[in-house]
Amino acid sequence: MYERITPPAVGERITFKDGEPVVPDTPIIPYIRGDGTGVDIWPAAQRVFDAAVTAAYGGKREIVWFRVYAGDEACEQYGTYQYLPDDTLKAIEEFGIAIKGPLTTPVGGGIRSLNVALRQINDLYACVRPCKYYAGTPSPHRSPEKLDVIIYRENTEDIYLGIEWKQGDPIADQLIKYLNTELIPATPEHGKKQIPLDSGIGIKPISKTGSQRLVRRAMKHALRLPKDKQQVTLVHKGNIMKYTEGAFRDWGYELATSEFRADCVTERESWILGNKEANPDLSTEDNARQIEPGYDALTPEKKAAIHAEVEGILAAIWETHGNGQWKDKIMVNDRIADSIFQQIQTRPDEYSILATMNLNGDYLSDAAAAIVGGLGMGPGANIGDTCAIFEATHGTAPKHAGLDRINPGSVILSGVMMLEYMGWQEAADLIKKGIGGAIASREVTYDLARLMEPPVNPPLKCSEFAEAIVKHFDD
């Protein structure tokens with residue numbers, strides 16, 4: 001089945017049921033060491049993972065590691081330009097869960113991004129990026145401890161689908177001409193708009209299926225959180241892109257209020273319910289006036305629509321959600337994308353889970369990571385219904401490769417996510433405890449050491465940081 005790799009002779013496959021992993025006590029997990037600094041950070045991370053599993057389960061559980069190849073090291077094994085060999089794809093498909101270090105993006109033609117390719121090939125539609133602060137980590141933010149969010153980024157569509165044509169390509173010229181002469185004039189809302197003839201063209205698909213399966217995972221995650229963190233915010237730019245980003249918002253609300261009706265309330269519903277609770281004799285009109293800015297200036301038709309909304313919500317959910325019951329349910333709201341970038345800095349403790357489309361989520365997850373210490377401390381997961389890949393979120397940093405100095409925190413924390421996904425919470429908690437203890441004790445690599453006050457000198461090596469984490473399991 002495999003050309004140049006051999007699966008371990010011991011261990012068992014991870015399988016999936018209803019989109020969730022079924023994990024044996026000795027799971028076989030493929031790993032990609034990664035390019036550049038992967039040579040340093042993977043051994044350090046594996047040391048931490050194995051120590052945590054041993055400490056947590058005393059030999060009753062064990063990860064059986066299976067090395068597979070991608071990126072530059074795959075070319076060394078399989079030949080020039082073999083960045084993503086079939087062996088690796090088969091192994092990930094067969095064994096279900098994998099973890100990887102950073103990968104080089106090939107220059108020139110072929111695969112645009114190995115990371116994007118792995119997500120699309122395996123239909124890993126949910127990119128999950130937690131951003132949580134560990135005490136003592138240097139941060140440019142005044143109160144980084146207030147930020148504790150999990151970003152659910154749709155992973156397979158939007159402009160990242162990569163359907164585009166460069167300026168001057170005959171297909172681009174043909175498409176622009178067709179849009180300008182046939183489709184745009186046939187759509188009255190577009191008026192006299194025209195696409196410049198010297199444009200490149202890209203397609204931005206946002207589907208109902210893709211949007212709702214992402215929001216479904218975010219909602220299921222919210223149910224596992226403490227009550228005070230049960231909130232899902234739909235992030236979009238629907239005020240401008242109404243039929244793509246606006247549709248993402250609408251489909252998200254539709255999914256939440258149908259599949260999770262007993263467990264959630266929308267922000268607007270909470271206003272209507274809260275108004276009625278504060279004043280049981282409140283009229284429909286006055287309730288509508290309180291929830292809709294500029295109500296008195298609306299047309300009679302628009303006022304009637306809001307009256308119907310108020311009456312419909314009270315009739316549908318007052319018995320199950322009224323009298324304060326909604327306060328114990330998942331709050332579902334939405335925010336404009338550019339606003340949320342500001343609010344995670346000015347009001348970070350107001351947010352918990354952010355569900356976003358692909359491009360917005362890419363920007364937002366990096367911005368949030370910067371608040372809590374940067375990508376060196378940023379874990380990531382790419383999850384589908386039959387496969388999951390956990391990954392370091394930073395680049396390969398080749399100038400640091402082989403120097404045993406880079407921070408392995410990103411891939412270690414991605415391993416924490418993997419262990420939690422597997423249901424091995426005890427091992428995951430040990431690693432989080434160890435990382436927190438090491439940072440609080442100022443036992444850190446150079447990237448964190450130089451930003452601490454006063455700076456730590458000398459900083460720990462990559463491998464030494466791993467040992468410090470293990471040492472603090474016993475704190």
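Ile313 is buried, with a relative accessible area of 11%; buried here means under 20% relative accessible area, exposed means over 50%, and partly exposed is in between, with a 1.4 Å probe and protein chains only. The residue sits in helix 10, residues 300–321. Helices (H or I, at least four residues) and strands (E, at least two) are DSSP runs, numbered from the N terminus.

Before going on, a word on the source. This is a predicted model, in which local features need pLDDT of at least 70 and side-chain atom pairs count only at pLDDT 80 or more, while totals for chains, interfaces and linings use all residues. Residues are numbered from 1 along each chain as its sequence is written, and side-chain values use heavy atoms, with hydrogens and water left out.

Back to Ile313. What does Ile313 contact, leaving aside its neighbours within four places in sequence? The partners are Glu269, Ile272 and Trp318, where contact means heavy atoms within 4.5 Å. For a sense of distance, Gly101 is 212 residues away from Ile313 in sequence and 48 Å away in space, C-alpha to C-alpha.

Glu269 belongs to helix 8, residues 267–278. Is Glu269 buried or exposed? Its relative accessibility is 8%, so Glu269 counts as buried. Not counting residues up to four places away in sequence, Glu269 touches Thr257, Arg261, Ile313 and Ile317.

Arg335 and Ala297 are 38 residues apart in sequence and 24 Å apart in space, C-alpha to C-alpha.

Now helix 14, residues 425–440. Helix 14 has 16 residues and reaches 22 Å from first C-alpha to last, close to the 22 Å expected. Its buried residues include Ala427, Leu430, Ile431, Ile435 and Ile439, along with Gly434, Gly436 and Gly437. What do the buried residues of helix 14 pack against? They pack against helix 1 (38–57), helix 13 (409–422) and helix 16 (462–471).

Next, the backbone. Most residues other than glycine have a negative phi, and most peptide bonds are trans. Asp18 has a phi near 55°; Asp18 lies in the loop between strand 1 (15–17) and strand 2 (20–22). Asp158 has a phi near 65°, in the loop between strand 7 (148–154) and strand 8 (164–165). Asp18 is exposed, with a relative accessible area of 69%, whereas Asp158 counts as buried at 1% relative accessibility.

Where are the cis bonds? One joins Glu453 and Pro454, with omega about -10°. Another runs from Asn457 to Pro458, with omega near 0°. Pro454 is in the loop between helix 15 (446–449) and helix 16, and Pro458 is found in the loop between helix 15 and helix 16.

Last, the whole protein. There are 16 helices and 15 strands. The radius of gyration is 25 Å, close to the 23 Å that the globule rule gives for 475 residues, so the protein is as compact as a globular protein of that length. That radius is taken over C-alpha atoms, and the rule is 2.2 Å times the number of residues to the power 0.38. The C-alpha trace spans about 70 × 60 × 50 Å along its principal axes. Buried residues make up 51% of the 475. Among contacts between residues at least 6 apart in sequence, 73% join residues at least 24 apart.

Technical notes:
Expected span 1.5 Å × (residues − 1).
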